[in-house]
Amino acid sequence: MATFASKMVVSMFAVVATLAVLAPTMASAKQYVVGDDKGWTKDFDYTTWTAGKQFFVGDSLVFNYPAGKHNVFKVNGTDFMQCSKPLVGAPLTTGSDEIELKTTGRKWYICGVSGHCATGQKLAITVSDGSAAPAPTPVSPTTGAASGSIVSAGFAAAMVVVGVLGMVLF
Ligand SMILES: *[C@@H]1O[C@H](CO)[C@@H](O)[C@H](O)[C@H]1NC(C)=O
Ligand SMILES: [Cu+2]
């Protein structure tokens with residue numbers, strides 16, 4: 001026969017397991033201020049700034065700069081390398097331009113003010129699929145990045161079933 005305490009334990013299993021399923025999808029989107037305190041400026045090494053950062057779909061970039069001094073063009077890899085403005089399309093110019101990363105892949109941005117890109121005012125990032133992110137799931141029996149979340153979701157779902165059964169049976 002079940003005590004109140006054992007029912008509590010079983011219920012908590014269900015709660016924890018449910019959270020384990022939901023946690024990866026609740027992973028909050030990050031907002032990256034490009035260049036941090038320095039913002040979007042000339043003579044800055046944005047390659048160093050991106051080092052160690054992982055960008056996922058849903059995250060966003062914010063380009064901060066004094067409006068009028070700089071701008072933000074989204075360009076392709078060729079234009080990025082050559083620091084050339086795109087033939088079509090207008091730049092962002094507000095001085096606090098937020099760009100949501102909606103798709104995966106390589107993304108390139110440059111300042112279109114003459115000469116600025118050549119000093120380093122250019123940003124290249126790679127955006128990954130958020131669902132492939134290695135999710136920190138403490139109940140996961142494996143540490144595999146891609147399979148881990150699937151395995152842990154299955155494991156958590158099983159724990160929910162166990163939890164519900166437990167509550168019904170005892
Ligand atoms: C990059 O964009 C420019 C226009 O800004 C275009 O002329 C060029 O063909 C593009 N290159 C690639 C590889 O798509
Ligand atoms: Cu500039």
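Which residue of β6 stands opposite Phe-73? Select Phe-73 and look across to β6: the residue facing Phe-73 is Ile-110. Please bear in mind throughout that this is a predicted model.

**The whole chain**

Colour the chain by secondary structure. The protein chain contains four helices and seven strands, and along the sequence these follow the pattern α-β-α-β-β-β-α-β-β-β-α. The chain has 170 residues, of which 21% count as buried. Among contacts between residues at least 6 apart in sequence, 73% join residues at least 24 apart.

**The four-stranded sheet**

Next, select β2, β7, β6 and β4. In that order, these four strands form an open sheet with mixed pairing. The edges are held by β2 (55-56) and β4 (73-75); each has a single partner strand, so one side of each is left without a neighbour in the sheet.

Within this sheet, select residues 105-110, which are strand β6, and residues 122-128, which are strand β7. The two run antiparallel and are joined by six bridges.

Keep Ile-110 selected and display its surroundings. Leaving aside neighbours within four places in sequence, Ile-110 is in contact with Phe-73, Val-75, Phe-80, Cys-83, Cys-117, Gln-121 and Lys-122.

Ile-110 also belongs to the largest nonpolar core, which has 16 residues. Select Trp-40, Phe-63, Val-72 and Tyr-109 as well: together with Ile-110, these touch the most other members of that core. The elements contributing two or more residues to this core are β3 (60-64), β4, β6 and β7. As a general background, nonpolar side chains in soluble globular proteins tend to be buried together.

**The three-stranded sheet**

Move to β1, β3 and β5. They form an open sheet of three strands, in the order β1-β3-β5, with mixed pairing. Here β1 (31-33) and β5 (96-100) stand at the edges; each has a single partner strand, so one side of each lacks a neighbour in the sheet. From one strand to the next, the twist averages 20°.

How many bridges pair β1 with β3, and in which sense? There are three, in the parallel sense, and Gln-31 can be found opposite Ser-60 in β3. By contrast, β3 and β5 pair in the antiparallel sense over five bridges. To follow this second pairing, select Asn-64, which stands opposite Ser-96 in β5, and then Ser-60, which stands opposite Glu-100 in β5.

**Ligand 1**

Finally, centre the view on ligand 1. The residues around it are Asn-76, Thr-78, Asp-79, Pro-86 and Leu-87. By class, this shell has two nonpolar, two polar and one charged residues.

Notes
Residues numbered from 1 in each chain as written. Chains lettered and ligands numbered in written order. Predicted model: local features only at pLDDT ≥ 70, side-chain atom pairs only at ≥ 80, totals over all residues. Pairing = 2+ DSSP bridges. Buried ≥ 20, exposed ≤ 12 C-beta atoms within 10 Å, placed from the backbone. Contact = placed C-beta atoms within 7 Å. Core = buried A, V, L, I, M, F, W, Y, C linked by C-beta atoms within 7 Å. Near = placed C-beta within 6 Å. Nonpolar A, V, L, I, M, F, W, Y, C, P; charged D, E, K, R; others polar. Axes fitted to C-alpha atoms, helices over the stretch in contact; angles between N-to-C directions.
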